[in-house]
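Q: Please take a close look at one helix in this model. Walk me through its surroundings step by step.

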Amino acid sequence: MNQPEQRKNRLLALFLGGFFGLLGADRFYLGKWKTGLLKAVTLGGVGIWWFLDIVLLGTDAFLHTFGRDTGFVKDSRGRDLNYGLSFWRIKNGQIVRDWF
């Protein structure tokens with residue numbers, strides 16, 4: 001059977017990265033366990049890697065809200081993430097639902 005594609009939640013990755021990013025939680029959530037482990041061992045690259053991941057995830061969420069479908073951050077299978085910063089987003093000049 002063909003199952004629908006399950007994409008990861010961009011906002012959950014941003015939350016995990018913000019609060020547990022020094023331990024690589026955002027990377028583990030996205031299925032990138034090797035870089036997650038490396039990030040945990042180096043404590044987020046002494047904070048630099050943690051900061052860069054937060055900036056990329058935040059920018060991704062912002063741009064998704066304003067219509068961009070592809071992002072900088074992908075999961076381990078190269079798929080884009082779901083959801084922007086609000087319940088609604090702008091797509092093709094129209095306001096459409098995002099979180100539902």
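A: In α5, the residues Asp-53, Leu-57, Asp-60, Ala-61, His-64 and Thr-65 are buried. Buried means under 20% relative accessible area, exposed means over 50%, and partly exposed is in between (1.4 Å probe, protein chains only). An α-helix has 3.6 residues a turn, so residues three or four places apart point the same way.

A word on the source. This is a predicted model, in which local features need pLDDT of at least 70 and side-chain atom pairs count only at pLDDT 80 or more, while totals for chains, interfaces and linings use all residues. Residues are numbered from 1 along each chain as its sequence is written, and side-chain values use heavy atoms, with hydrogens and water left out.

Helices (H or I, at least four residues) and strands (E, at least two) are DSSP runs, numbered from the N terminus. Helix α5 has 18 residues, 48–65. The expected span of a helix is 1.5 Å times one less than its number of residues. For α5 that gives 26 Å, and its end C-alpha atoms are 26 Å apart, which agrees.

What covers the buried side? The cover of the buried residues of α5 includes α1 (10–20), α2 (25–29), α3 (33–41) and β1 (88–91). Contact means heavy atoms within 4.5 Å.

Take α3. Its Thr-35, Leu-38 and Lys-39 meet Trp-49, Trp-50 and Asp-53 of α5. The axes of α3 and α5 come within 9 Å and cross at roughly 130°. Axes are lines fitted to C-alpha atoms, for helices over the stretch in contact, with angles from 0 to 180 degrees between N-to-C directions. The two helices α3 and α5 are therefore oblique to each other. Angles under 35 degrees count as roughly parallel, over 145 as roughly antiparallel, 65 to 115 as roughly perpendicular, and the rest as oblique.

Leu-57 also belongs to the largest nonpolar core, with Ala-13, Leu-30, Val-73 and Leu-81. Such a core is a set of buried Ala, Val, Leu, Ile, Met, Phe, Trp, Tyr and Cys residues joined through side-chain atoms within 4.5 Å. Val-73 touches Leu-57, and its other contacts include Leu-56 and Asp-60, not counting residues up to four places away in sequence.

Just after α5, Gly-67 takes a positive phi of about 105°. Leu-85 is found in the loop between α5 and β1. Its contacts beyond four places in sequence include Ala-61, Phe-62 and Thr-65.
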